[in-house]
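Subject: Structure handover

Hello,

Please find the structure below. My notes on it follow.

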Amino acid sequence: MRTMLLFLVIFAFSIAIATFVENDFGNDAARKLIYNARWFEILLILGMINIVAVIFKQRLYRPEKLTLFVFHVAFVVVIFGAGITRYFGKEGIVHIRVGDTAKSWITTDTYLELLIEKNGHQYSACYPVLFSEISKNRFRKKISFEGSHIHFSVKSYIRRAEKGIDYKPGGKPFVHMITASGLERIITSGEKIAPGDVSMFFSDSGQDSISSDLVVLNDKDGVLTFTAPYPVIRTSMDEGISDTLEANQKHRFVPFMLHNFHDIPFVLRKYLPEGKIIAKPATEQDTDLPSAVKVDVDIDGVHDILFAWGKKEQVATFTSGSIHGVKIGIRYGAVRKELPFALKLKDFIIQRYPGSQSPSWFESNVQLIDQQKGIGREERIYMNHVLKYRGYKFYQSSYDSDEKGTVLSLNRDGFGTAVTYSGYLLLALGMLLSLVNKKSRFRKLSQNRSKANKVVAAFLPVLLFLCANSYSQTGKNSISEIPAEHADEFCKILVQDNGGRIEPLNTLASEIVRKVIRKESYKGQSANQVFTGMLVYPEQWQQEPFIKTGHPEIQKLIGVGSKYASFLDFFPARSGGNYILRPYIEEAYRKKPAFRDKFDNEIIRVDERVNICYMVYRGTLLKIFPDPADTLNTWHSFATSSEVFKGEDSLFAKQIFRYYIEETRKSMESNDWTKPSEIVGAIGIFQQSYGQPVIPSDARLKAETFYNDFNIFSRITRMYLFAGFLLLVFQFLHIFIPRFRIKYISVPVLWIIALVFLLHTSGLALRWYVAGHAPWSNGYEALIFIAWATVFAGLLFSRKSGITVSATAILAALILQTAHLSWMDPQITNLVPVLKSYWLIVHVAVITASYGFLGLGALIAFLNLLLLFSETKKNKNKLEQHITGLTQIIEMTLIAGLYLLTIGTFLGGVWANESWGRYWGWDPKETWALVTVIVYAVILHLRLVPGFKGRVLFNIVSLTGFGSVIMTYFGVNYYLSGLHSYAQGDPLPLPPLVYYSLAVVVVVSSLAVINQYRLNIGISEDT
């Protein structure tokens, strides 16, 4: 077992390091050094052998240990299937334009191709290679051909390379130019380039002109000259002095002087009469640049250097050279392979979300042509719908920018996938059996009942009172208040958001108020009233201090003495009415995110709030007029409607809102709201007439309004926190003061938490219905679901200990509070096509549910460490039962969490395989999910290793192990690149809370260890 745990630790550490290598040096570097390395393959083989050895040593094949046998055999099968895929699977892409037929595919793997020609005979070879900048790229080949001994050796590899020129005796003349925009061009004799409206030809025949619009470059005696059919302005970059060079005359091309050809300025960077092309590392991180491989070619003792240029999934051209009459060609990149059949693209269809360029759906309609079998049928390929034929599988991957071509992913790995899937099924079966098998570890733990700890119900009225009044606000209005009834009526008007989603104005109003004020209401006014008031009385609201500023330096900057400022405060008279934050905003955005301080981040947030208010006052957010002539179903605001609508529609869209404001102001005085209501109705009729195809049903719109108004997830946060905290306090009082009885009043509190949990469940179901997709498609939704899973786990184990319920309620409240932080977006959005999969729904649901169980285990472990620290010789007997019971609960929650996490991870592989043709690609997200599986597998097996059985150690690793979950969920999403990454550009700085939490964990763990050592309990004592 020690050996197995050692293998697991090395394996987990290796793949975790690989994700950081990939982030900094690319996917090929991670594969070269780790994933595809020989030592890594040996590690997997040794691990598989060790699992088999454990099966026989522990005799897990016995009927009473069937659960463990199935579970361990499953991993052997999965590793074996992965090996088949690794060595026999094929991946690539097929690019087809509409009307064209594809008979070949391009490999995803990279190759180095060699071509030799001598005496009219040719020799070619193709070798799979994997190069990286941080490894030794060993490649040596010795070939004897037509009496010549040829040696090829790779000297270096540049992942992102730019072309340059260097001196080579007897080489070709080269010109290296750069335009004012930074565009570089290298040209040699006999070549022609055409940057912009300028055509240049490097003549090797001495001719001065070819056509009337051609600039001709000439090399004579090592001097570069040019002849242009038009005057050229030449400017000294040092002195700024210009002169005009006559047309159709030969002039010297002077280095480092600006030559203006046809309004396009060029600078001669370098000229070599005898030179060669070389590769150099790119100065900018342009991901579109090719890679370069430096190859030394030795033919009968004579050396030459050639650079092969290429990219992944692209077939490159050969770089050629010649030595002793032997012609050499080298190229690097993908290779083209033939298909035993053909695919003809009949049509490519793309559907977009209303009023948006974001694709909702795209598919390829192809004709499958197999002449050998006489087949010519039509097929559809779209996201999560695969074309399978003769062992090949085709997946919809992407498409051309002009939407006239498709890119299909290709995979051929039926045997490997089938074996791996059978391993997944065995794994799920083993986990299921362990939950029902009476002799399993989980069932044994569940049968060890510990004394329940309860709480006081006298605080229930206080809880209900606080929950009912948690959102009440005081304050006297200094602005006109639109009646709530009419504001609610007005906010039933539909609006199109920036993503193309049609929603009630109520949703937009709620999002704006939460973003600008950071509250759900303002001075007793609901979000609907605030939003309507900003439209009707902009002059009042521009003076109202309701924009959250937060940072004291920003308050000082704009001259306010509170956390809130008015819109006009940002345009003070002392700055001439200019936006006072502009220079600070520009400075903040010039910094990399990792180097922005708290002031920079807050200034960006405040700027966003000010801009939102500006857009509300301008009316640009109010996209309420559907354009019937727009095939994308775009809706427009009254500010832009005049550019779209004609005739009566134009008059209606342009004037109706101004009319509404006038009538609303009159109604504020007369209290007769007939006219404004009629106008709202007229807008509704206009929307139904022209926007019906994209308008959601009335039931869904009402549900969304209710969801916004009730704000369920924010409300239950306080309920969970208050109930959980009180329950925990009195449970600890009962532990240390046994006569403090809470037996008869804990059940009502448990029912309260259960009722809040039902509200939580209802909120998830309601969001699912409103959004039209499962509520775990983004960071916010995943967190509220993890909070749900956490409470579910607590209720599941509530019979073991009341502390479980209190811990889960507190943890759920903290998770929900995190979900409502400023950097989390609770907005309901449309799904990208790849996320429209039932496999995704199941995968995310299971894996996020596991986080709830693992988080519960971590929190109980923290509480248990506090008890271990508080234990003395006097209270030892009283605390032992509680510590032992909680330790058993921790182990049960970790087992349940590990099972869910493992199943969820492999379900993610199924989703990936159904979506883009591979069930495992070492993406950072899936890699860290596997790291977390291994971490908790090690934690749960420590009890079997002598010297690592102590409950103190178990509680510490149960707490610290949750760090891998945090890394999997937050770290990968925001700090590593990959398919699941939310980060753009440089990573964000670590929040200070991370350092504080780490310090608390270290201190509490250390105190618990010291105290237990002092009591001679020791970390190695068996539980």
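**Helix 27 and the chain overall**

The expected span is 1.5 Å times one less than the number of residues in the helix. Helices (H or I, at least four residues) and strands (E, at least two) are DSSP runs, numbered from the N terminus. In helix 27 the buried residues are V1001, V1004, S1005, A1008, N1011 and Q1012. Buried means under 20% relative accessible area, exposed over 50%, and partly exposed in between, with a 1.4 Å probe and protein chains only.

This is a predicted model, in which local features need pLDDT of at least 70 and side-chain atom pairs count only at pLDDT 80 or more, while totals for chains, interfaces and linings use all residues. Residues are numbered from 1 along each chain as its sequence is written, and side-chain values use heavy atoms, with hydrogens and water left out.

The protein chain has 27 helices and 33 strands. Of its 1023 residues, 52% count as buried. Among contacts (heavy atoms within 4.5 Å) between residues at least 6 apart in sequence, 65% join residues at least 24 apart.

**Nonpolar cores**

A nonpolar core here is a set of buried Ala, Val, Leu, Ile, Met, Phe, Trp, Tyr and Cys residues joined through side-chain atoms within 4.5 Å. The largest one holds 126 residues, and I15 and Y720 touch the most other members. Helix 22 (residues 838-870) supplies the largest share of this core, 15 residues. Apart from neighbours within four places in sequence, I15 is in contact with Y35, F40, W922, T927, L930, V931 and I934. A second, separate core has 60 residues, including I493, I554, Y564 and V616.

Helix 14 (residues 598-618) has 21 residues and reaches 30 Å from its first C-alpha to its last, close to the 30 Å expected at 1.5 Å a residue. Among its buried residues are D600, E602, D607 and R609, along with I603, I604, C613 and V616. Just after helix 14, G619 takes a positive phi of about 85°.

Helix 10 (residues 527-536) packs against helix 14 at an angle of about 60°, with the axes 8 Å apart. That makes helix 10 oblique to helix 14. Axes are lines fitted to C-alpha atoms, for helices over the stretch in contact, and angles run from 0 to 180 degrees between N-to-C directions. Angles under 35 degrees count as roughly parallel, over 145 as roughly antiparallel, 65 to 115 as roughly perpendicular and the rest as oblique. F531, M534 and L535 of helix 10 make the contact with C613, V616 and Y617 of helix 14.

T532 is also placed in helix 10. T532 counts as buried because its relative accessibility is 0%. Not counting residues up to four places away in sequence, T532 touches I482, A487, F490, C491 and Y660.

**Helices 17 and 19**

Helix 17 (residues 698-710) and helix 19 (residues 746-771) pack at about 135°, with their axes 9 Å apart. On the helix 17 side, A699, R700, A703, E704, F706 and Y707 meet G763, L766, R767, Y769 and V770 in helix 19.

**Y899**

Y899 lies in helix 23 (residues 876-916). At 16% relative accessibility, Y899 counts as buried. Y899 and A937 are 38 residues apart along the chain, and their C-alpha atoms are separated by 9.8 Å.

Regards
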